[in-house]
Amino acid sequence: MSPVHRINPVDLSPPTGFSHAVTATGSQLVFLAGQTSLDEDGKIVGDGLPEQFATALTNLLTALRAAGGAPADLARVTVYATDVADYRERSAELGRIWRRLAGRDYPAMAVIGVARLWDEQALVEIDGVAVLP
């Protein structure tokens, strides 16, 4: 059983691709560094946002699994996007990518618009906090 519990009050708008609140009762926190679409050679891969989002999320989940966690253990995720309008436009496709890679257990999330990321070619970066049992 995951130590992460999602709370979505009926008094708030229905969440789409996130949870309004998350409680965590586990014994170990995992702080996940921001991940972009870097490949094993340190090169940004993917021409567009969906491809880069999939690789960045895969990288985040790889780090989480290496720490002994699973997608359901994610309590908080922040997405940094260089083009929030493009992110909103593609939100349905990005949601399908999330569900394929991480399932339907949504953490508390935020999307923040940024002027640029560390690697100039990066369109998106994802970081997070997980709680392990």
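Because the model is predicted, local features were considered at a pLDDT of at least 70 and side-chain atom pairs at a pLDDT of 80 or more, whereas totals for chains, interfaces and linings use all residues. Residues are numbered from 1 along each chain as its sequence is written, and side-chain values rest on heavy atoms, with hydrogens and water left out.

The secondary structure of the protein chain amounts to 3 helices and 6 strands, where helices (H or I, at least four residues) and strands (E, at least two) are DSSP runs numbered from the N terminus. Along the sequence these elements follow the pattern β-β-β-α-β-α-α-β-β. The radius of gyration of the protein chain, 14 Å, is close to the 14 Å that the globule rule gives for 133 residues, so the chain is as compact as a globular protein of that length; the radius is taken over C-alpha atoms, and the rule is 2.2 Å times the number of residues to the power 0.38. The C-alpha atoms fill a box of roughly 40 × 35 × 25 Å, taken along the principal axes. Of the 133 residues, 37% are buried, a class defined by a relative accessible area under 20%, with exposed meaning over 50% and partly exposed in between (1.4 Å probe, protein chains only). The chain exposes about 7,400 Å², of which carbon and sulfur atoms supply 52%; accessible areas come from the Shrake-Rupley method with a 1.4 Å probe, and for residues, only the protein chains shown count as cover. Among contacts with a separation of 6 or more, 74% are between residues 24 or more positions apart, a contact being defined by heavy atoms within 4.5 Å.

An open sheet is formed by 4 strands in the order β3-β6-β4-β5, with mixed pairing; two strands are taken to pair if DSSP finds at least two bridges between them. Strands β3 (28–35) and β5 (108–113) stand at the edges, each with a single partner strand, so one side of each is left without a neighbour in the sheet. Neighbouring strands of this sheet are turned by 10 degrees against each other on average, direction ignored; axes are lines fitted to C-alpha atoms, for helices over the stretch in contact, and angles run from 0 to 180 degrees between N-to-C directions.

Strand β4 (residues 74–81) is joined by 7 bridges to strand β6 (residues 124–132), and the two run antiparallel.

The structure holds 3 salt bridges, each defined by a side-chain nitrogen of Lys or Arg within 4 Å of a carboxyl oxygen of Asp or Glu. The side chain of R90 meets that of D86 at 2.8 Å, N to O, and that of E93 at 3.9 Å, N to O. R90 is partly exposed, at 32% relative accessibility, and E93 is likewise partly exposed, with a relative accessible area of 32%. In another salt bridge, between R116 and E120, the closest N and O atoms are 3.7 Å apart; R116 is partly exposed at 46%, whereas E120, at 62%, counts as exposed. Salt bridges that share partners join D86, R90 and E93 into one network.

Residue D119 is placed in the loop between β5 and β6 and, at 23% relative accessibility, counts as partly exposed. When residues up to four places away in sequence are not counted, D119 touches T36, L38 and I44. D119 and K43 are 76 residues apart in sequence, while their C-alpha atoms are 9.0 Å apart in space.
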